Amino acid sequence: MSDKELYESAYKNQWCPGCGNFGILEAMKDAFGKLNIAPEKLLIVSGIGQAAKTPHFMKCNFLHGIHGRALSLALGAKIANQDLNIVVNSGDGDCYGEGGNHFIHAVRRNADMTLLVHDNRIYGLTKGQASPTSARGMTTPMQPDGVIAEPLNGPALALTMGAGFVARGFSGNVQHLSSLIQAAVQYKGFSVIDIFQPCVTFNRVNTAQWYKERIYELDNTDSRDDFHQAMKLAFETGDRIPVGILYAKKKQEFISQIKTLEKGPLIDRPYDPDRLGKTAQEYILS
Ligand SMILES: Cc1ncc(C[n+]2csc(CCOP(=O)(O)OP(=O)(O)O)c2C)c(N)n1
Ligand SMILES: [Mg+2]
């Protein structure tokens with residue numbers, strides 16, 4: 001069995017042929033295989049959307065949660081079992097729209113996990129409304145006169161909130177994306193990769209061809225701890241789009257600063273329902 005086959009799931013996949021999600025799924029399996037992460041040591045958490053279905057197609061622990069709240073669920077899981085490798089799959093709508101508030105605070109906390117944003121610049125699951133990352137002027141059945149707001153820039157927002165690891169990927173460069181995922185998972189802290197991907201059905205502007213004409217790979221052997229350079233790269237989304245690690249810098253991690261977790265993961269502690277009941281009762285009565 002190859003390393004990648006370890007993660008093969010039995011569920012039938014109904015993404016459209018040509019969907020960028022396939023490249024992201026392939027890159028994830030490749031990266032986890034190369035990092036030698038056993039499926040039982042991996043937890044994938046997602047919200048709602050086509051992107052959020054990704055963990056169904058992986059054999060590992062997963063929690064398909066609620067819209068925009070994947071990061072909160074992931075933080076709870078990490079606090080309960082800090083030994084898990086946690087990867088969050090979220091769409092541009094799920095992460096930056098419904099979950100925008102959670103995204104900001106997750107970055108600020110810097111808990112050790114990896115966020116993969118499947119950025120197709122559209123609400124795919126609900127059939128093609130504009131998302132926070134849709135370009136100004138893009139027409140959709142819900143925005144027939146075009147989007148009248150500026151797009152949200154996920155990597156730039158993450159940088160301003162103090163993120164220690166920010167990358168941009170492309171679903172069409174699977175091996176390159178796998179190397180970014182490997183670096184993100186190995187980073188000790190919150191790592192985010194905004195992954196541009198085509199939506200073949202609902203985004204007829206940012207197609208695979210459109211990206212291929214613009215994407216170029218950064219040389220990731222350079223050190224990438226220059227904040228201003230990273231911001232410049234994050235805003236390069238026009239005629240040329242850099243993919244690679246935009247910024248990587250060591251920062252203080254969240255979970256390792258929680259005193260009660262110094263003794264080890266919560267799940268290893270004995271469960272005492274009587275004590276829990278008494279504590280709950282105190283709160284109910286007070
Ligand atoms: C609270 C709430 N609001 C709205 C919806 C409807 N809804 C489901 S998925 C989705 C958008 C998903 O878009 P995105 O996260 O970009 O994922 P994609 O399908 O494009 O991969 C919306 C608006 C919902 N399920 N729950
Ligand atoms: Mg989307």
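## Around Ala-130

Setting aside neighbours within four places in sequence, Ala-130 is in contact with Ile-122, Tyr-123, Thr-140, Gln-143 and Val-147, where contact means heavy atoms within 4.5 Å. This is a predicted model, in which local features need pLDDT of at least 70 and side-chain atom pairs count only at pLDDT 80 or more, while totals for chains, interfaces and linings use all residues. Residues are numbered from 1 along each chain as its sequence is written, chains are lettered from A and ligands numbered from 1 in the order in which they are written, and side-chain values use heavy atoms, with hydrogens and water left out.

Ala-130 sits in the loop between strand 4 (113-119) and helix 5 (154-160); helices (H or I, at least four residues) and strands (E, at least two) are DSSP runs numbered from the N terminus. Buried here means under 20%, exposed over 50%, and partly exposed in between (1.4 Å probe, protein chains only). As for Lys-29, 101 residues apart from Ala-130 along the chain, the two C-alpha atoms are separated by 30 Å.

## Nonpolar cores

The largest nonpolar core has 36 residues, and the ones touching the most other members are Ile-86, Val-88, Phe-103, Met-113 and Leu-115. A core of this kind is a set of buried Ala, Val, Leu, Ile, Met, Phe, Trp, Tyr and Cys residues joined through side-chain atoms within 4.5 Å. Helix 2 gives the most to this core, five residues. Apart from it lies another core, of 28 residues, with Tyr-7, Ala-31, Phe-32 and Ile-245 among them.

Back to Leu-115: leaving out neighbours within four places in sequence, its contacts include Leu-71, Val-88, Cys-95 and Phe-103, along with Phe-190, Val-192 and Ile-193.

## The cavity

Rolling a probe the size of a water molecule over the atoms shows where empty space is left. On a 1 Å grid over the protein atoms alone, a cavity is a set of points where a 1.4 Å probe fits but cannot get out, whereas a pocket is an open set with protein on both sides within 12 Å along at least five of seven lines; lining residues have an atom within 4 Å of a point. Points are joined across faces, edges and corners, and a volume is the space filled by probe spheres set on them.

The count comes to one cavity of 30 Å³ or more. The largest cavity has a volume of about 50 Å³, and its lining is Gly-68, Arg-69, Ala-70, Leu-71, Ser-90, Asp-94, Cys-95, Gly-99 and His-102. Helix 2 (70-80) and helix 3 (92-98) are the elements that give two or more residues to that lining. By class, the cavity lining has three nonpolar, four polar and two charged residues (Ala, Val, Leu, Ile, Met, Phe, Trp, Tyr, Cys and Pro count as nonpolar, Asp, Glu, Lys and Arg as charged, and the others, Gly among them, as polar).

The largest pocket has a volume of about 460 Å³. Of its 28 lining residues, Gln-50, Tyr-123, Gly-124, Leu-125 and Thr-126 are the closest to its centre. Helix 3 supplies the largest share of this lining, four residues. The lining divides into eleven nonpolar, 13 polar and four charged residues.

The second largest pocket holds about 190 Å³ of space and is lined by Pro-270, Tyr-271, Asp-272, Arg-275, Leu-276 and Thr-279.

## Cysteines

There are zero disulfides in the whole structure, a disulfide being a pair of cysteine sulfur atoms within 2.5 Å. For Cys-16, the nearest cysteine sulfur, that of Cys-19, is 6.4 Å away. Cys-199 is buried at 10% relative accessibility.
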